[in-house]
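Dear colleague,

I am handing over the structure below, and after it you will find what I noticed when going through it. Please keep it open while you read, so that you can look up each place as it comes.

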Amino acid sequence: MWALKKLNLEWDVAANLRVAQLNELYKFRYHAYTSPSLYKDKMKYLHDKNIQNKEFKEGDFVLLFNSQLRMFLGKLKFKWSGPFKVVNVTPFGALDLKNKNYEMFRVNGHRVKHYFGKVDDGHVVALIHFK
């Protein structure tokens with residue numbers, strides 16, 4: 001009160017100004033809150049649009065991701081090894097693979113990707129992989 005009297009301000013004008021400033025602050029907070037959620041929704045849509053479902057069949061050739069080389073990755077070390085032949089596909093996405101020595105092992109379907117190189121009578125002609 002003393003400051004209002006000292007500055008010769010009217011109480012009603014000062015109160016209305018303060019309420020208007022608070023309303024602007026609430027609007028600013030609301031827009032600041034909704035803006036990141038809109039951005040996150042757009043980024044999620046763009047990311048989900050580029051996800052490709054990988055469906056494997058028996059007889060397909062795949063490359064296996066070698067996760068042990070991630071820490072010691074050098075220029076000449078490959079992250080992907082293979083190709084391996086798919087022998088069996090389980091309903092939950094696990095794959096039974098067979099290497100060129102006819103040894104079988106089971107891996108998670110998320111660790112493999114399709115191999116698009118040339119294969120002749122079960123033998124790989126050239127290790128060419130696209131995508």
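Predicted model: local features only at pLDDT ≥ 70, side-chain atom pairs only at ≥ 80, totals over all residues.

The protein has an average pLDDT of 80, and 79% of the residues score at least 70.

Five strands make an open sheet, in the order 4-3-2-1-5, and their pairing is antiparallel. Strand 4 and strand 5 (112-114) stand at the edges, and because each has a single partner strand, one side of each is left without a neighbour in the sheet. From one strand to the next, the twist averages 50°. As background, the strands of a sheet pair through backbone hydrogen bonds, and the pairing can be parallel or antiparallel.

Strand 3 (residues 94-98) and strand 4 (residues 104-108) run antiparallel and are joined by 5 bridges. Across this pair, Leu97 stands opposite Phe105 in strand 4, and Asp96 stands opposite Arg106, also in strand 4.

Which residue forms a salt bridge with Asp96? The partner is Arg106, and the closest N and O atoms of the two are 2.8 Å apart. This pair links distant parts of the chain, with Asp96 in strand 3 and Arg106 in strand 4, 10 residues apart. In general, side chains of opposite charge can pair when their charged atoms come close. The count for the model comes to 1 salt bridge. Asp96 has a relative accessible area of 10%, which is under the 20% cut-off, and is therefore buried, whereas Arg106, with 53%, is over the 50% cut-off and so counts as exposed.

The hairpin of strand 3 and strand 4 has 5 residues between the strands, and Tyr102 is found in this loop. The phi of Tyr102 is near 60°, a positive value in a residue other than glycine. For comparison, most residues other than glycine have a negative phi. Tyr102 is exposed as well, with a relative accessible area of 62%.

Finally, Leu22, Leu25, Tyr26 and Phe28 make a nonpolar surface patch of about 410 Å². One of these residues, Tyr26, is found in helix 2, which covers residues 11-49.

Note on methods:
Residues numbered from 1 in each chain as written. Heavy atoms only, no water. Patch = residues over 30% accessible without salt bridge, like charges linked within 9 Å, V, L, I, M, F, W, Y side chains within 5 Å. Areas by Shrake-Rupley, 256 points an atom, 1.4 Å probe, with all protein chains shown as cover. Salt bridge = Lys/Arg side-chain N within 4 Å of Asp/Glu carboxyl O. Helix = DSSP H or I, 4+ residues; strand = E, 2+ residues; numbered from the N terminus. Pairing = 2+ DSSP bridges. pLDDT = per-residue confidence, 0-100. Axes fitted to C-alpha atoms, helices over the stretch in contact; angles between N-to-C directions. Buried < 20%, exposed > 50% of the residue type's maximum accessible area, 1.4 Å probe, protein only.
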